[in-house]
Amino acid sequence: MSARVGIVLVSHSAAVAASVADMARALAGGGGGAGGGGSAPVAAAGGTADGGFGTSAELITEAATSVDGGAGVAVLADLGSAVLTVKALLAEGDELPAGTRLVDAPFVEGAVAAVVTASAGGDLDAVAAAASEAYSYRKE
Amino acid sequence: MGRAGADRRAPVGTVSRVMDADFFRRWMELAAAAVEREADRLTELDSAIGDADHGSNLQRGFAALVAALDKEETATPGAVLVLAGRQLISTVGGASGPLYGTLMRRAGKTLGDAAEVTPAQLAEALRAGVTAVAGLGGAKAGDKTMLDALEPAVDALGESFAAAAQAAERGALATVPMRARKGRASYLGERSVGHQDPGATSSALLIAALAEAEAAR
């Protein structure tokens, strides 16, 4: 019950990934809720390694490793090469920690749901489900 | 299905001879040279329907791939392709990285640790790679993607590498009237019609490099 599920946010933009991570941490409140173990670790993997727009497998791997506490890692990605790179790493490689999963979720809303759920002590299945469920939140 | 001894004496142009790691390294070097040569054209095609980085992305990826092949020991054809795939996934920076990386890695894993492979084994491995690419990107033939060059190429590999290169080239040209259904180009809808797909074009370069490697030995 100790380790939290780690969250990795992969965007084509470093600023988007970092800002969504900040926002999700803030909205999760940092308190953690019932679990009492503090916020889940969140890492941003945005843009390319040289600071441009795109996707870096290296940054994704670093981010996933940095938030892996043994309870699994939920990865959310924005679009195109971000999604494909995570999928390729999961399908063909051994670079990502065991228990890493790409979550099918809207990037911003899903990130908030994932961090809140993980901070409350939810396991990887619960985190993935909460993030995916964010798709069903209609705005009109 | 001839005897190995006879196969080794087959004339240039037929695809009955076995290929070792050196052959695969040459293939990758020739592919890198082709990407270098055609980078501007690939980027130009990509500026019409994509984000104008296909040439430079692949240039970076294949340069890293060649550097890695110089540095790391690759004793088998499978090892060459797995290393190539890893480099492309980690250095390209666009969607073509995981797509080409998956093609190479899956093909390399399918070849296993055999020191030499036959053209039939390569065809089977590339088919597995192409299937993995289709699974990763969710595209199918006719969607104006690299599959439109790769699928006919793999179908023609049994005939000869030169036939595969021609099939890939024809496949790339056939993407011109297609409407894109995957990736950024799909947002353009009908406006993607009339442009040759950059990914199918670079795929044709990759298969042409294979035929070039075969013709050079």
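About 60 Å³ of space lies in the largest cavity. This is a predicted model, in which local features need pLDDT of at least 70, side-chain atom pairs count only at pLDDT 80 or more, and totals for chains, interfaces and linings use all residues. Residues are numbered from 1 along each chain as its sequence is written, chains are lettered from A and ligands numbered from 1 in the order in which they are written, and side-chain values use heavy atoms, with hydrogens and water left out.

A cavity is a set of points, on a 1 Å grid over the protein atoms alone, where a 1.4 Å probe fits but cannot get out; lining residues have an atom within 4 Å of a point. Volume is the space filled by probe spheres set on the points, with grid points joined across faces, edges and corners. The rule gives two cavities of 30 Å³ or more.

What lines the largest cavity? Trp27(B), Leu103(B), Met104(B), Leu126(B), Val130(B), Leu150(B), Val154(B), Leu206(B) and Ile207(B) do. Two or more residues each come from α5, α6, α7 (147-156) and α9 of chain B. Helices here are DSSP runs (H or I, at least four residues), as are strands (E, at least two), numbered from the N terminus. The lining has nine nonpolar residues, no polar and no charged. Ala, Val, Leu, Ile, Met, Phe, Trp, Tyr, Cys and Pro count as nonpolar; Asp, Glu, Lys and Arg as charged; the others, Gly among them, as polar.

The second largest cavity holds about 50 Å³. Its lining is Ala31(B), Val35(B), Leu58(B), Phe62(B), Tyr100(B), Ser202(B), Leu205(B) and Leu206(B). Helices α2, α3 and α9 of chain B each give two or more of these residues. α9(B) gives the most, with three. Seven of the lining residues are nonpolar, one is polar and none is charged.

Now the open space. A pocket is an open set of grid points with protein on both sides within 12 Å along at least five of seven lines. The largest pocket has a volume of about 1,200 Å³. Its lining runs to 50 residues, and Ser81(A), Gly94(B), Ala95(B), Ser96(B) and Arg184(B) lie nearest its centre. α3(A) supplies the largest share of that lining, four residues. By class, the lining has 17 nonpolar, 21 polar and twelve charged residues.

Last, the interface. In chain B, 15 residues are in contact (heavy atoms within 4.5 Å) with twelve residues of chain A. The buried area is about 1,200 Å², and carbon and sulfur atoms give 54% of it. Buried area is the accessible area (1.4 Å probe) that two parts lose on being put together, summed over both. On the chain B side, Gly93(B), Arg105(B) and Leu136(B) lose the most area to chain A, together 37% of what that side buries.

A salt bridge is a side-chain nitrogen of Lys or Arg within 4 Å of a carboxyl oxygen of Asp or Glu. The rule finds one across this interface. On the side of chain B that touches chain A, α4 (77-91), α5 (96-111) and α6 (119-137) of chain B each give two or more residues. The largest share, six residues, comes from α5(B). That side has six nonpolar, five polar and four charged residues.
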